[in-house]
Amino acid sequence: MTTMRDVAVRCGVSVKTVSRVFNDDPYVSAETRERVLRAMRESNYVPNLLARSFRSGRDTAIAIAVPDLSDPFFASLTHAVEQVAHQRGVAVVIASMGYEPDDERPAMEALLHRMVVGAIATPISNDQSYLKRWQHKTPIVFVDRTPTGIVADSIVSDDHGGGVAATRHLLDHGHRSLAFVGDTLNVQTTRRRLEAYQSVLLEAGMPESANSVVLGGTSGPEMAHSFVKFLRESEEPTAILSSNARCTIGLIPVLQTMGRTDMALVGFGDFPLSGSVRPPISFIEQDPVRLGRAAAIRLFQRLDTPNRRLKRQVMLDVALVPCGSGEQPPPRRSRRARLGRPAADLELA
């Protein structure tokens with residue numbers, strides 16, 4: 001393998017000069033820079049990143065930690081971060097933390113102990129103050145959710161605005177019996193969307209009985225199970241606001257099994273093959289690629305210009321994409337007709 005010393009000998013400069021060219025040092029003349037770059041190309045020089053890491057004490061990588069890589073939203077977000085990092089010649093170390101708050105700290109600290117140059121994370125616990133001791137040497141950017149107990153950059157979507165738009169859309173199309181279906185209030189995005197939903201119903205003078213809230217677990221089957229239980233014990237809504245794509249994916253087979261494709265469904269976030277569902281699902285467009293790209297760009301801004309003053313929180317707008325789901329409330333059915341199938345067929349968990 002060609003070394004930096006070999007390149008230096010080939011073009012008649014010092015090893016330090018070759019290093020300066022490789023690191024894009026501005027204090028190298030154009031003529032010397034071109035000579036060194038030509039020697040690198042001709043000798044097929046490949047930098048020894050492991051040796052550089054040993055010398056600097058830092059890895060040439062950034063880290064990203066999200067709750068679940070199998071979730072289409074977080075998969076797309078992570079891929080967007082990778083694309084930006086690869087353009088910079090930086091590797092990405094990825095961790096899927098899960099949804100248990102107690103798992104966040106060990107997962108994050110395992111990444112940071114790798115001596116990465118920076119990190120992007122979606123918090124799952126209610127306290128990120130343990131990260132303060134890392135911040136002086138490792139920039140950390142939070143994405144999709146804001147941190148608690150620490151001052152740091154965050155890139156988030158307008159969850160409240162999206163919840164307001166989705167709920168008003170259903171009311172504007174005549175629905176007067178709605179349900180909000182989500183995972184857990186420990187997740188701040190779910191909490192903000194629920195608060196928006198409830199505020200619109202209160203503003204519209206809707207009775208409390210119209211404000212149904214169904215909270216399940218963190219998986220699609222768990223949320224579907226909670227929704228089936230809700231339907232057995234209460235009046236069926238004519239419209240549903242789903243708090244995230246994972247939840248929507250869990251609801252679809254329930255509604256299809258019940259033959260309730262006439263029920264309005266607005267989901268927060270799109271997902272693969274959503275256009276194949278009939279009728280199509282209306283959704284709040286929350287672009288995970290845009291979020292991931294913005295988080296990666298902000299992290300590299302902190303790495304390149306650590307003293308630059310930047311706004312700590314960036315909120316990206318969202319948009320309602322109406323696809324015709326439930327534009328007219330379905331007729332009321334008796335409880336017997338509503339269940340449609342034996343209860344055993346609806347047990348998905």
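View 1. The expected span of a helix is 1.5 Å times one less than its number of residues. In this predicted model, helix α8 (residues 159-172) has 14 residues, and the distance from its first C-alpha to its last is 20 Å, close to the 20 Å expected at 1.5 Å a residue. Several residues of α8 are buried, among them D159, G162, V164, A166, H169 and L170. After the helix comes G174, which has a positive phi near 90°.

**View 2. The largest nonpolar core, with I240 among its residues.** This core has 22 residues, and those with the most contacts inside it are V181, F227, I240 and L251. Strand β6 (178-182), helix α10 (220-233) and helix α11 (245-257) each supply at least two residues of the core. Leaving aside residues up to four places away in sequence, I240 touches L170, A179, V181, F227, L251, L255, M263, A264, L265 and V266.

**View 3. An open sheet of six strands.** The strands follow one another in the order β2-β1-β3-β4-β5-β11, and their pairing is parallel. At the edges lie β2 (91-96) and β11 (313-316), each of which pairs on one side only. On average, neighbouring strands of the sheet are turned by 15° against each other, when direction is ignored. Strands of a sheet pair through backbone hydrogen bonds, either parallel or antiparallel. Within this sheet, strand β1 (residues 61-66) is joined by four bridges to strand β3 (residues 118-121), and the two run parallel; I64 has I120 of β3 as its bridge partner.

**View 4. Two helices that meet the strands.** Helix α6 (residues 104-112) lies across β1, β2, β3 and β4 (140-143), and α6 runs at about 170° to β1. Helix α12 (residues 288-304) packs on the sheet, where α12 touches β1, β3, β4, β5 (153-157) and β11. The direction of α12 makes about 165° with that of β5.

**View 5. Salt bridges within single helices.** An α-helix has 3.6 residues a turn, so residues three or four places apart point the same way. In helix α3 (residues 30-42), E31 and R35 are four residues apart, about one turn of the helix, and their side chains meet in a salt bridge with an N to O distance of 3.1 Å. R35 is partly exposed, its relative accessible area being 26%. Helix α6 holds R105 and E109, again four residues apart, about one turn of the helix, and their side chains meet in a salt bridge at 3.3 Å, N to O. E109 has 14% relative accessibility and therefore counts as buried, whereas R105, with a relative accessible area of 43%, is partly exposed.

View 6. E203 forms a salt bridge with R168, and their closest N and O atoms are 3.2 Å apart. Because E203 lies in helix α9 (residues 188-203) and R168 in helix α8, the pair ties together parts that are 35 residues apart in sequence. E203 is exposed, with a relative accessible area of 61%, while R168 counts as partly exposed at 39% relative accessibility. Elsewhere, D153, R298, R302 and R312 are linked in a network of salt bridges. A search of the whole structure finds 16 salt bridges.

Technical notes
Residues are numbered from 1 along each chain as its sequence is written. This is a predicted model: local features need pLDDT of at least 70, side-chain atom pairs count only at pLDDT 80 or more; totals for chains, interfaces and linings use all residues. Side-chain values use heavy atoms; hydrogens and water are left out. A nonpolar core is a set of buried Ala, Val, Leu, Ile, Met, Phe, Trp, Tyr and Cys residues joined through side-chain atoms within 4.5 Å. Buried means under 20% relative accessible area, exposed over 50%, partly exposed in between (1.4 Å probe, protein chains only). Contact means heavy atoms within 4.5 Å. Two strands pair if DSSP finds at least two bridges between them. Axes are lines fitted to C-alpha atoms, for helices over the stretch in contact, and angles run from 0 to 180 degrees between N-to-C directions. A salt bridge is a side-chain nitrogen of Lys or Arg within 4 Å of a carboxyl oxygen of Asp or Glu.
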